[in-house]
Amino acid sequence: YEDEARAIVEFMREHVRYTLDPRGLELVQSPWFTLLVQGQGDCDDHATAAAALAISLGHGAGFRTVKGDPDRPDDWSHVYAVIGLRLRGEELWLPVDSTEKNARFGEDPPGASKFERKTWVVAPA
């Protein structure tokens, strides 16, 4: 099952371009629109698409938000998916950030641990 979660991240990195929202706007797209129409999106679009793919495969999914912008310390400024797997009766939650080039599969992106984070579970593992 871990290979399926890894394949989701690889697919997102290879086929869904990371773009920023227009300055001053927060656009939100459905996973369908991100994956099949636009082929691009910002961090929340990547996270919702990755979570939708995980759920479609029968895995748990959620989101991890980060207050990572020093200029806006009270704002949740970044989000990425967490994929929940059941391994040997235990839940394992893997952070998957397809927007950060240096983010390793199953780990929070570099630097995220020094900021406040919150995990939101949408579908249990």
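Predicted model: local features only at pLDDT ≥ 70, side-chain atom pairs only at ≥ 80, totals over all residues.
Trainee: Let's start with Lys67. Why is Lys67 called buried?

Mentor: Its relative accessibility is 17%. Buried means under 20%, so Lys67 counts as buried.

Trainee: Where does Lys67 lie, and what does it touch?

Mentor: Lys67 lies in the loop between E3 and E4. Leaving aside residues up to four places away in sequence, Lys67 touches Pro73, Asp74, Asp75, Trp76, Ser77, Phe115 and Glu116. Touching here is a matter of heavy atoms within 4.5 Å.

Trainee: And Phe33, what makes it partly exposed?

Mentor: Phe33 has a relative accessible area of 31%. Buried would need under 20% and exposed over 50%, so with 31% Phe33 is partly exposed. Phe33 sits in helix H2.

Trainee: On to E3. What makes E3 mostly covered?

Mentor: Seven of its seven residues are buried. Gly60, Gly62, Arg64 and Val66 are buried on one side, and Ala61, Phe63 and Thr65 are buried on the other.

Trainee: Why do the residues split into two sets like that?

Mentor: Side chains in a regular strand alternate between the two faces of the sheet.

Trainee: How do you know that E3 pairs with E4?

Mentor: Pairing takes at least two bridges, and seven bridges join E3 to E4, so the two strands pair. They run antiparallel, and Thr65 stands opposite Val79 in E4.

Trainee: What about E3 and E6, how many bridges are there?

Mentor: Six bridges join E3 to E6 (residues 117-123), again against a cut-off of at least two, so this is a pair as well. E3 and E6 run antiparallel, with Arg64 opposite Thr119 in E6.

Trainee: Last, helix H3. How do you know what span to expect for H3?

Mentor: You take 1.5 Å times one less than the number of residues. H3 (residues 43-56) has 14 residues, and its reach of 20 Å from first C-alpha to last is close to the 20 Å expected.

Trainee: Which parts do the buried residues of H3 pack against?

Mentor: Those buried residues, including Cys43, His46 and Ala50, pack against helices H1 and H2 and strands E1, E2, E3 and E4. After H3 comes Gly58, whose phi is positive, near 90°.

Notes
Residues numbered from 1 in each chain as written. Heavy atoms only, no water. Helix = DSSP H or I, 4+ residues; strand = E, 2+ residues; numbered from the N terminus. Buried < 20%, exposed > 50% of the residue type's maximum accessible area, 1.4 Å probe, protein only.
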